[in-house]
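Here are my notes for your read-through. Keep the sequence and the model open beside them.

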Amino acid sequence: MTADSSSRSAHGSPALATPVCVLGLGLIGGSLLRVLHDAGRSAFGYNRSSETVDAATADGYDASTDLVATLRRAAESDATVVLATPVTTIEPLVSAIAEHAPGVLITDVISVKQQVEKVIGARHPGARYVGGHPMAGTSRSGWSATDPTLFTGAMWAVTTTDHTDADDWRTVASIARLAGSLVVPVAPDAHDRAVAAISHMPHLTAAATAAVGAGESDLALRLAAGSFRDGTRVAGTAPALQRAMIEANGVAVLNVLSETIDRLIAARDELRDHGTVEVLVDDGHRARTAYERLHAGDPEPITGVTPGEPGWQEEMRRQAHTGRVWVG
């Protein structure tokens with residue numbers, strides 16, 4: 001959120017070995033703590049649940065239930081602090097950072113970006129913040145679900161505004177790269193529109209498919225195979241977690257929900273009046289084919305731009321919109 005600092009070299013590399021402090025040790029935060037620690041990075045974490053912390057420490061990871069002590073340690077070591085709890089719970093965490101570690105760089109792994117920016121702007125004005133969102137996960141949750149390979153090959157959105165500090169951005173990008181992910185530079189609003197369509201909306205369609213299928217009878221569930229299983233997988237995610245991410249991105253989700261409803265109504269009318277669902281099925285097939293084509297082979301890297309050069313943020317975003325990724 002802060003502008004490039006004149007005291008830093010515009011082309012200098014950030015201190016890639018600085019510690020990382022993860023606040024929240026569920027599936028994403030816990031997996032991040034594990035992969036960073038296992039890669040040799042200094043990493044420690046906080047979770048309010050003593051059961052989670054006990055499980056993490058028993059597995060050999062550095063975790064605590066003492067938020068204040070954890071943040072003071074982050075301040076002393078100039079750690080990058082990662083918000084890894086649902087967006088509905090971050091306000092007191094951000095306030096605590098503002099009080100006990102006001103100078104640290106903050107990032108997050110939350111599936112919405114504008115709402116996180118809003119909370120940080122209100123609770124910690126002037127904070128160093130670069131948003132992040134790894135496009136990885138499972139329907140399971142908690143420390144027992146954590147996996148240090150979770151981010152391998154995943155896309156990791158790292159927010160890039162016209163005022164993003166180059167060194168801070170590279171520090172956050174380095175965390176994503178060390179975790180095994182490819183970095184996608186993106187503006188916060190563009191991120192929220194994109195994930196509404198490809199992440200949040202699928203939770204609603206999965207819920208609808210599951211509810212309609214289960215409402216038929218247990219016969220339908222007994223017959224259910226791959227299409228039902230794959231199409232409803234994310235409906236198995238804890239409802240509170242689903243609601244937190246979808247409702248926090250309400251405006252963008254409303255827009256894609258309206259488009260989805262319009263398409264389904266058109267398909268219903270086409271089937272009723274003409275006995276076909278050709279338009280929707282063909283459009284969907286073309287979109288899926290485009291997705292498979294984009295993800296076939298290694299992605300094309302972002303080139304010809306160096307963080308810190310004039311206009312680097314805009315150029316990063318431009319290339320990302322063509323499907324390119326940052327590999328460092």
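**Notes on charged pairs and a sheet**

1. Start in helix α12, residues 278–294, which holds both Arg-286 and Asp-283. They sit three residues apart, about one turn of the helix. Bear in mind that this is a predicted model.

2. Their side chains meet in a salt bridge, 2.3 Å from N to O. Arg-286 is exposed, at 52% relative accessible area. Asp-283 is partly exposed, at 25%.

3. Now look at helix α11, residues 250–274. Arg-272 and Asp-269 are three residues apart there, about one helical turn. Their side chains form a salt bridge of 3.3 Å, N to O. Arg-272 is exposed at 55%, and Asp-269 is partly exposed at 22%.

4. Which residue forms a salt bridge with Arg-318? The partner is Glu-315, with the closest N and O atoms 2.8 Å apart. Both are in helix α13 (residues 312–320), three residues apart. Arg-318 is partly exposed at 47%. Glu-315 is also partly exposed, at 24%. Salt bridges with shared partners also link Glu-259, Arg-263, Asp-283 and Arg-286 into one network. The structure holds 17 salt bridges.

5. Turn to the open sheet of three strands, ordered β7-β8-β9 with mixed pairing. Its edge strands are β7 (132–134) and β9 (182–186), each pairing on one side only. Neighbouring strands are turned by 20 degrees against each other on average, direction ignored.

6. Strands β8 (residues 155–159) and β9 run parallel, joined by five bridges. Thr-159 stands opposite Val-186 in β9. Helix α6, residues 166–178, lies across β8 and β9. The helix α6 runs at about 145 degrees to β9.

How values were computed:
Residues numbered from 1 in each chain as written. Predicted model: local features only at pLDDT ≥ 70, side-chain atom pairs only at ≥ 80, totals over all residues. Heavy atoms only, no water. Pairing = 2+ DSSP bridges. Helix = DSSP H or I, 4+ residues; strand = E, 2+ residues; numbered from the N terminus. Axes fitted to C-alpha atoms, helices over the stretch in contact; angles between N-to-C directions. Contact = heavy atoms within 4.5 Å. Salt bridge = Lys/Arg side-chain N within 4 Å of Asp/Glu carboxyl O. Buried < 20%, exposed > 50% of the residue type's maximum accessible area, 1.4 Å probe, protein only.
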